[in-house]
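Hi,

Here is the structure I said I'd pass along. Have a look at it first, and then read my notes below.

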Amino acid sequence: MADGRIRERENSDLSTQSSAHHTPRDTSADLADWSAFQLLEAYARKTLSPVDVTKAVIARVEACEPKLQALYAFDPETSLNAARESERRWMRGEARALDGIPATIKENIATKGTPVPLGTAARPLVPATDDAPSAARLREDGVVILAKTTMPDYGMLSSGLSSFHPLTRNPWDLSKNPGGSSAGAGAAAAAGYGPFHIGTDIGGSIRLPASWCGVFGLKPSFGRIPIDPTYYGRVAGPMTRTVRDAALMMTSLTRPDHRDPMSLPYHDLPWLDLNVDIKGLRIGVMMEAGIGMPVDPEIRATVERAAQLLGSAGAVIEAVPAFITREMLDGLDDFWRQRAWTDMAPLSEDERAKILPYIRQWAEGGKNLTGSEVYSGMNQMMVMRHAAVAATHRFDFVISPVAPCVAYPAELASPIHNPEEPFEHIGYTVAFNMSDQPASSVNAGFTKAGLPIGLQIIGRRFDDVGVLRLSQAWEEMCPDRRPWPKV
């Protein structure tokens, strides 16, 4: 996509990266807010130590976490030991690619020695025997893993509500939800718990919390980042304060791993070459999802403004008709309910009673589905896939809202809070999981009440670099930039 429009980057670009929201000052109190690019440059110059940075992030966590509750298995001492090892490598001239960058990892991505409860109190706490692919790649590159991040039961909510983890809240407004299922990752990124965070996404679980927490999130092409266990439409991806930091994470996360038999062949893509000429790009605007909740007027106005600005920069803008149908969404709902019930059915009554009631009630809706109904529901994934590609293939990129609403009350399981209408807010996101297409959420502005609004940028299948490039261009163009929230 737009391969002929790329401009060469100078090596000196590494030293000029800064957050679209916040330019850090050279004081230890602000080290938690530095981008990964800035940290690597300072480490290389030996003007900053990974130990100092890790201490600053730990201090930020200790100050904010009583209010946010975004973390699980937070281990400051182990993190400091890893930072000391990183410092020694830098001093010996043996630094790894991402050495000393603090990171968090979503709870459902296994890290050796830490239980993986999947957000639910119903699972036994058995320590993982190995790092999952994403965790392994970051650790190999010297990243300092601070903690895991929270998620709702079985990852089946766009919410920070869980029967195992404390209620996770949104740093922009503690009365609001961070979104989910990568709830803690979104909150941690916005609050400045270091530069790197990893989430997972099967229907919007990276993009929704990224949108509602005002950070950047990339749902890569299916198979681009190896995962374990694999599942249809499920991906892992970066959640960061800047697009460039997400691109930096992709240099590590995309390396191959034999445990994912559904992964793409490895390609050494130009992840850090993010410049693009917008002039002449064909950009579709999908303002209606076709199903679900109506779009909030402030979200509509924000996405329309983004389209106008991209058009003013030379892009050719054209409307994309809605293509998601009630049959598609309800079919997927049936299939996912039955899948969830299959996981819960072997549990004892006492174990099932520990599951979040909303999720338990939702999953029980799959208990009596017939084989024909389940197959028909599963088939809607393929129907959705074809519809998404057919609607978007003529464009270099498509933009849309990430969600029809902004962050909602923290105590609710979903915007409608009805297990019989669980997915009325994912009409903009879910189809691009099914179609393998890369899609990002990048902050596009704020409501009058100060809540973030995300812009979704969708690329053609496998054009992850293109999505990062247009996301970077938008991050630089966005007219509404604000300081990061102080929790």
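**Strand S6 and its neighbours**

Thr 200 has Ala 236 in S6 as its bridge partner. Keep in mind while you look around that this is a predicted model. That residue pair is a handy way into the contact between strand S4 (residues 196–201) and S6, which run antiparallel and are joined by five bridges. Strand S5 (residues 216–219) also pairs with S6 in the antiparallel sense, here over two bridges. If you want a residue pair to click on for that one, take Gly 217, whose bridge partner in S6 is Met 239. As for cover, strand S6 (residues 235–240) is mostly hidden, with six of its six residues buried.

**The whole sheet**

Zooming out, there is an open sheet of eleven strands with mixed pairing, in the order S1-S3-S2-S4-S6-S5-S10-S11-S9-S7-S8. Which strands stand at the edges? They are S1 (71–72) and S8 (316–319), and each has a single partner strand, so one side of each is left without a neighbour in the sheet.

Elsewhere in the order, strand S9 (residues 397–401) pairs with strand S11 (residues 452–459) over five bridges, in the antiparallel sense. Pro 401 is the residue that stands opposite Leu 455 in S11. Helix H8 (residues 297–312) packs on the sheet, where it touches strand S7 (282–285), S8, S9, strand S10 (439–446) and S11. The direction of H8 makes about 155° with that of S9.

**A loop residue**

Lys 112 sits in the loop between strand S2 (102–106) and helix H4 (133–140). Is Lys 112 buried or exposed? Its relative accessible area is 58%, and exposed means over 50%, so Lys 112 counts as exposed. Despite that, Lys 112 has contacts: leaving out residues up to four places away in sequence, it touches Ala 128, Thr 129, Asp 130, Asp 131 and Arg 139. Asp 130 lies 18 residues from Lys 112 along the chain, yet their C-alpha atoms are separated by 4.3 Å.

**A nonpolar patch**

One last thing for the surface view: Tyr 232, Met 262 and Met 378 form a nonpolar patch there, with about 250 Å² of accessible area together. Of these, Met 378 belongs to helix H12 (residues 371–392). Met 378 is partly exposed, at a relative accessible area of 30%.

Cheers

Conventions. Residues numbered from 1 in each chain as written. Predicted model: local features only at pLDDT ≥ 70, side-chain atom pairs only at ≥ 80, totals over all residues. Heavy atoms only, no water. Patch = residues over 30% accessible without salt bridge, like charges linked within 9 Å, V, L, I, M, F, W, Y side chains within 5 Å. Areas by Shrake-Rupley, 256 points an atom, 1.4 Å probe, with all protein chains shown as cover. Salt bridge = Lys/Arg side-chain N within 4 Å of Asp/Glu carboxyl O. Helix = DSSP H or I, 4+ residues; strand = E, 2+ residues; numbered from the N terminus. Buried < 20%, exposed > 50% of the residue type's maximum accessible area, 1.4 Å probe, protein only. Pairing = 2+ DSSP bridges. Contact = heavy atoms within 4.5 Å. Axes fitted to C-alpha atoms, helices over the stretch in contact; angles between N-to-C directions.
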